[in-house]
Amino acid sequence: MKVLRPHSVDDALELYERHPDAVPLAGGTDFMVAWNGGSENGRLILDLSALASWRRIRDTPSMLRLGALVTHWQLQQETLVKKKFPLLVDACATIGGRQIQSRGTLGGNIANASPAGDTFAPLAVYDARVRLRSAAGRRKLPFMDVFAGVKKTHLRPGELIELVELDFPKKPARQFFRKVGTRSASAISKTVAAGLLWLRRDGTVRELRFALGSMAPTVRRLYSVESFLLGKKPTPRVVKEAVALLEADVDPIDDLRSTRFYRMEVSRNLLRAFLRSGS
Amino acid sequence: MTMPVSITVNGTETSHEVEPRLLLVHYLRDVIGLTGTNVGCDTSQCGSCTVLIDGLAVKSCTVLAVQGDGSDITTIEGLAKNGELHPIQQAFWDNHGLQCGFCTPGMIITATEILKKNKKATEQDVRHGLEGNICRCTGYENIVKSIVAAQSVAPAKKAGKAKKGTA
Ligand SMILES: Cc1cc2nc3c(=O)[nH]c(=O)nc-3n(C[C@H](O)[C@H](O)[C@H](O)COP(=O)(O)OP(=O)(O)OC[C@H]3O[C@@H](n4cnc5c(N)ncnc54)[C@H](O)[C@@H]3O)c2cc1C
Ligand code: FES
Ligand code: FES
């Protein structure tokens, strides 16, 4: 193993351009487990942990910018995050135990692209944008366009996640985060759900955003369900019809943690619980 | 090729040339000889390797020593002061909070962070805070009891110190 430990972003980007085969290392809570297991022997490591400027949370009048190295613990401490993006805070509080939260980063969670990344459902409903940076320049991807598949992203060689942008949302009428799993410190979630709902004065749906994690190779927004409910009142009959549409939006798998049948059943229950929570 | 690291451990500055692959826990145990921090799994599951890095509980089996460069670390050896056990250590002693003792350093270090952030931690808070620590012996009952009890050990200890001062 060889470790490069740049102290400035420019140095990091230049090193990554010269060594595109290097593995970026942030908190190491994903990578170091694999490395201790021997599967990453001999890799060249680009340790990002000394890039202090990527540890910051900054706000503008319209949005929050979360540096890639912001930890799950940090996100739970920040007043503005708690106030405006409580679903993200809820998600971070369920990740690993406190030791994992104080080390694991938002950028690492995204770049790792696990189907079970717990921040993904909240980031999906907040319509996050991910800012990428390489020696060649910057670009931005809508959060839903970051993932290419299980453990795969659309990051290009030499490109790092620099930060995550979140526009301040209008206050929703209802919001919802649930993680269904076993022991959270060691288990990977079976299903994660995040929802935001805005209503018109007459009780009809102005906007709905609902996302499920661990239900497909990557996080899914329930676009069919969302557009079906636009302009409708979430009465029991309408909710029933909406829940029946869920299958069009997700395609869960059978794996060692759970079955497709179980995941579908839980997801329907979660969606129903959210849509009915106000009535 | 080795790399230089400087890490403050329990208030003492340490500097060494280390292999980049050296894990922080092995730096603590093998390079500077503090063997109180244990390795139970090396896959970030058990928590027995927990130390405080800049005041936060972290599993040192999955951190590279070179990533700890410039940081301030507290291990189980750093808790007792002037030959007196830390209140949490004392509470583990008083409440039989350990059997084999392998998980204990990680439990106690994690507990210091739980109690620092929550001045009135309930049994539930403690159980939640120990999610990342596994014990194969005790069934957790006495561990949780010890940590909850440690909150009332602290004032008693201060009184003890005051007595010493006046003697
Ligand atoms: C015991 C345990 C429990 C866990 N529980 C959960 C859980 O409940 N929910 C959950 O979602 N996760 C969980 N995890 C996984 C992990 O903690 C998170 O995914 C964490 O956010 C990863 O961040 P990191 O900084 O540690 O990533 P690292 O391990 O440092 O990196 C992960 C990957 O991302 C890449 N990377 C990191 N930063 C960047 C960047 N800025 N730009 C480009 N690439 C980058 C790395 O090259 C690597 O491939 C758990 C892990 C452990 C060990
Ligand atoms: S040895 Fe580090 S968590 Fe088990
Ligand atoms: S006392 Fe033996 S592992 Fe906890």
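Select A:Glu241 and A:Arg237: both sit in helix 10 (residues 236–244) of chain A, 4 residues apart, about one turn of the helix. Helices (H or I, at least four residues) and strands (E, at least two) are DSSP runs, numbered from the N terminus. The model is predicted: local features need pLDDT of at least 70, side-chain atom pairs count only at pLDDT 80 or more, and totals for chains, interfaces and linings use all residues. Residues are numbered from 1 along each chain as its sequence is written, and side-chain values use heavy atoms, with hydrogens and water left out.

A:Glu241 and A:Arg237 form a salt bridge, with the closest N and O atoms 2.7 Å apart. The term means a side-chain nitrogen of Lys or Arg within 4 Å of a carboxyl oxygen of Asp or Glu. A:Arg237 is exposed at 58% relative accessible area, while A:Glu241 is partly exposed at 35% (buried is under 20% relative accessible area, exposed over 50%, partly exposed in between; 1.4 Å probe, protein chains only).

Next, select A:Glu165 and A:Arg65. Their salt bridge has its closest N and O atoms 3.3 Å apart. This pair links distant parts of the chain, 100 residues apart: A:Glu165 is in strand 10 (residues 160–167) of chain A and A:Arg65 in strand 5 (residues 63–67) of chain A. A:Glu165 is buried, at 0% relative accessibility, whereas A:Arg65 is partly exposed, at 26%.

Now widen the selection. A:Glu165 and A:Arg65 belong to a network of salt bridges whose members include A:Asp10, A:Arg129 and A:Asp167.

Last, go to A:Glu40, which forms a salt bridge with A:Arg43 at 2.9 Å between the closest N and O atoms. Over all chains, the whole structure holds 28 salt bridges.

Methods. Chains lettered and ligands numbered in written order.
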